[in-house]
Amino acid sequence: MGDSMATEAELLRRAHEMRRNPTEPEKRLWRSLSNGQLNGFKFRRQHVVFEAQAIVDFFCPSIGLCVEVDGDTHDDLSDMSRDGRLRALGFTVVRFGNPDVITNIDGVAWQLLDTANSLPRRWPGELLPHPNPSPEGEGLFC
């Protein structure tokens, strides 16, 4: 039990550090994903998935979508193993290279939106994002 607790603490520490020091491609993609900008889908940065012993760059919990931005240091065999653990938990994993994010952020966002729209909601009865949300504050009761 002590080993798994240390592993969890280490994963949390690393995720916190990665959120504080994102790469340039991660910053750019986050600007497209934050605040529900991708058709209302909410994403988290550097999300820890303890069951898979993994930190994913971006995660949408409502549809189980893991988004990875790969730089030069990624190891294909390690990534395949990690992706397999995430998929075994029912998550969908998509990967983009740094050059894709830097040079074609609109294309990356469109591909993510297409993938997100194709995935089922993980919780029954969850509302879908409205395609035309009302202006901020409209419709609120005081």
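User: How far is the sulfur of C66 from the closest cysteine sulfur?
Analyst: This is a predicted model. In it, the sulfur of C66 lies 9.9 Å from that of C60, the closest cysteine sulfur, which is too far for a bond. A disulfide would need the two sulfur atoms within 2.5 Å.

User: And how many disulfides does a search of the whole structure find?
Analyst: The search returns zero disulfides. C60 is accordingly in none, its nearest cysteine sulfur being that of C66.

User: Is C66 buried or exposed? What about C60?
Analyst: C66 is buried, at a relative accessible area of 0%. C60 is buried too, with a value of 0%.

User: Changing topic: how many aromatic pairs are there?
Analyst: Two aromatic pairs are found in the whole structure. One joins W30 and F58, whose ring centres are 5.9 Å apart; their planes meet at 10 degrees, so this pair is stacked. It links distant parts of the chain, with W30 in helix α2 and F58 in strand β2, 28 residues apart.

User: How accessible is W30, and how accessible is F58?
Analyst: W30 has a relative accessible area of 23% and is therefore partly exposed. F58 is at 1%, so it counts as buried; the cut-off for buried is under 20%.

User: Which residue lies over the face of W30?
Analyst: That is R45, located 5.5 Å from the ring centre of W30.

User: What is the geometry of the pair formed by F59 and F91?
Analyst: F59 and F91 are arranged edge-to-face, with 5.2 Å from centre to centre and 85 degrees between the planes. Because F59 belongs to strand β2 and F91 to the loop between α3 and β4, this pair ties together parts 32 residues apart in sequence. Both F59 and F91 are buried.

User: Now α5. How many residues does it have, and how far does it reach?
Analyst: Helix α5 covers residues 105-118, which is 14 residues. From first C-alpha to last it reaches 20 Å, close to the 20 Å expected at 1.5 Å a residue.

User: Which residues of α5 are buried, and where do they fall around the axis?
Analyst: The buried residues are V108, A109, L112, L113, T115 and A116. Viewed down the axis of α5, they fall within an arc of 165 degrees, so they line one face of the helix.

User: What do they pack against, and what is on the face turned away?
Analyst: The buried residues of α5 pack against α2, β3, β4 and α4. The face turned away from the buried side carries the exposed residues D106, W110, D114 and S118.

Methods:
Residues numbered from 1 in each chain as written. Predicted model: local features only at pLDDT ≥ 70, side-chain atom pairs only at ≥ 80, totals over all residues. Heavy atoms only, no water. Helix = DSSP H or I, 4+ residues; strand = E, 2+ residues; numbered from the N terminus. Expected span 1.5 Å × (residues − 1). Buried < 20%, exposed > 50% of the residue type's maximum accessible area, 1.4 Å probe, protein only. Arc of directions from axis to C-beta. Contact = heavy atoms within 4.5 Å. Phe/Tyr/Trp six-rings, centres within 6.5 Å; stacked < 30°, edge-to-face > 60°. Lys NZ or Arg CZ within 6 Å of the ring centre and 35° of its normal.
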